[in-house]
Amino acid sequence: MSYDAIVLAGGAARRLGGADKPALSVGGRALLDRVLDACPDARTTVVVGDRRATARQVHWTREDPPGGGPVAALDAGLRRTTAELVLVLSADLPFLDRETVRALLAAPSAPTAPGRDGAMLRDPDGRDQPLVAAYRAEPLRREIALLAAEHGTLTGLPLRALTAELDLARVTSRPLASFDCDTWDDLAAARARIREHGSVLEQWITAVKSELGIDLTVDTKALLDLARDAAHGVARPAAPLTTFLVGYAAAHAAATGADPAQAVAEASRKAADLALRWADEAAADSAEQNGSG
């Protein structure tokens, strides 16, 4: 599905005391980078805001004058895009995921929503989220032009003035997909959530893949089982060393044309089998020595 992405990252963050909100980190990664990670396959990604370091390349622009509000910022970003479908996101969504983005992009073309102007996320409390949405570019440009003609400016106009005139489907949000960080309490809650026992490994693996610039489906259970077998059957330090070697072997196989995920699975299987044989041999030797004694 071909689309462009616009990320609005130029707000004043008044409830955060004017802090540079997109640069604030959750799980060791800037909020902006976490949002960018949710739309890696956008044909063009435009960030509306002041330039800053990002994990991947984007195009930068700014509304004129700066601080003109979300409609003016959206207009500035839209001028840098050419796709017929545009994903629009705020830069403070630490838990936005690719599955939610795919659902938004697919909704305007779904049989249940023919001819719609786009799709907007609806959070678990029933609130619409116009900055977590996918819009068809043509009606979006048309309505922005009509607003500019009616008001003489886009500065200060609320997003509802724009979205009220569009025929939008609603996509129900996953529990945390629409969670945004408007206050220091929100930021603290987001940081606490990624460390919860049930999600910390998934969040950590996602962060590491982004940091290393890799996109690979990781069978976490298989790798943990391998680490356990190496630790118990050989020695505790063997666990991290073995998983490192599995990754290296998988990368080597992928360089020769193998599927990366299959290469990881095959290397993990071989290493796990070896660890079990190692343990069996040690157990047999121990039994023999005890019998001899």
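Helices in this description are DSSP runs of H or I with at least four residues, numbered from the N terminus. The structure itself is a predicted model.

A pair of aromatic rings is described by the distance of the centres and the angle of the planes. A search of the whole structure finds two aromatic pairs. One of them is formed by Phe 244 and Tyr 248, with 6.5 Å from centre to centre and 35 degrees between the planes, and this pair is tilted.

Helix 9 also has a partner. The axis of helix 9 (residues 238-255) and that of helix 8 (residues 220-233) come within 8 Å of each other, crossing at roughly 135 degrees. Angles over 145 degrees would count as roughly antiparallel and those from 65 to 115 as roughly perpendicular; helix 8 and helix 9 are therefore oblique to each other. The crossing in which helix 8 passes helix 9 is right-handed. On the side of helix 8, the residues that make the contact are Leu 223, Leu 226, Ala 227, Ala 230 and Ala 231, while helix 9 contributes Ala 238, Ala 239, Thr 242, Thr 243 and Val 246. Sorted by class, the residues in this contact are eight nonpolar and two polar, with no charged residues.

The axes of helix 2 (residues 70-78) and helix 4 (residues 137-151) come within 11 Å, and their crossing angle is roughly 130 degrees. That angle makes helix 2 oblique to helix 4. Here the crossing is left-handed. Val 71, Leu 74, Asp 75 and Leu 78 of helix 2 meet Leu 140, Arg 141, Ile 144 and Leu 147 of helix 4. By class, this contact has six nonpolar residues, no polar residues and two charged residues.

The loop between strand 5 (59-61) and helix 2 contains Pro 65. The peptide bond that leads from Asp 64 to Pro 65 is cis, with omega near 0 degrees.

Another loop, between strand 6 (85-90) and helix 3 (98-106), holds Asp 97. A polar atom of the Asp 97 side chain lies 3.1 Å from the backbone nitrogen of Glu 99. The side chain of Asp 97 also makes a polar contact, at 3.3 Å, with the side chain of Arg 174. When neighbours within four places in sequence are left aside, Asp 97 is in contact with Ala 38, Arg 174 and Ala 177. Asp 97 and Asp 37 are 60 residues apart in sequence, yet their C-alpha atoms are 8.0 Å apart in space.

Definitions and conventions: Residues numbered from 1 in each chain as written. Predicted model: local features only at pLDDT ≥ 70, side-chain atom pairs only at ≥ 80, totals over all residues. Heavy atoms only, no water. Axes fitted to C-alpha atoms, helices over the stretch in contact; angles between N-to-C directions. Helix = DSSP H or I, 4+ residues; strand = E, 2+ residues; numbered from the N terminus. Parallel < 35°, antiparallel > 145°, perpendicular 65-115°, else oblique. Left-handed = near helix turned anticlockwise from the far one by under 90°. Contact = heavy atoms within 4.5 Å. Nonpolar A, V, L, I, M, F, W, Y, C, P; charged D, E, K, R; others polar. Polar contact = N/O pair within 3.5 Å; in protein donor to acceptor, adjacent residues only side chain to side chain. Phe/Tyr/Trp six-rings, centres within 6.5 Å; stacked < 30°, edge-to-face > 60°.
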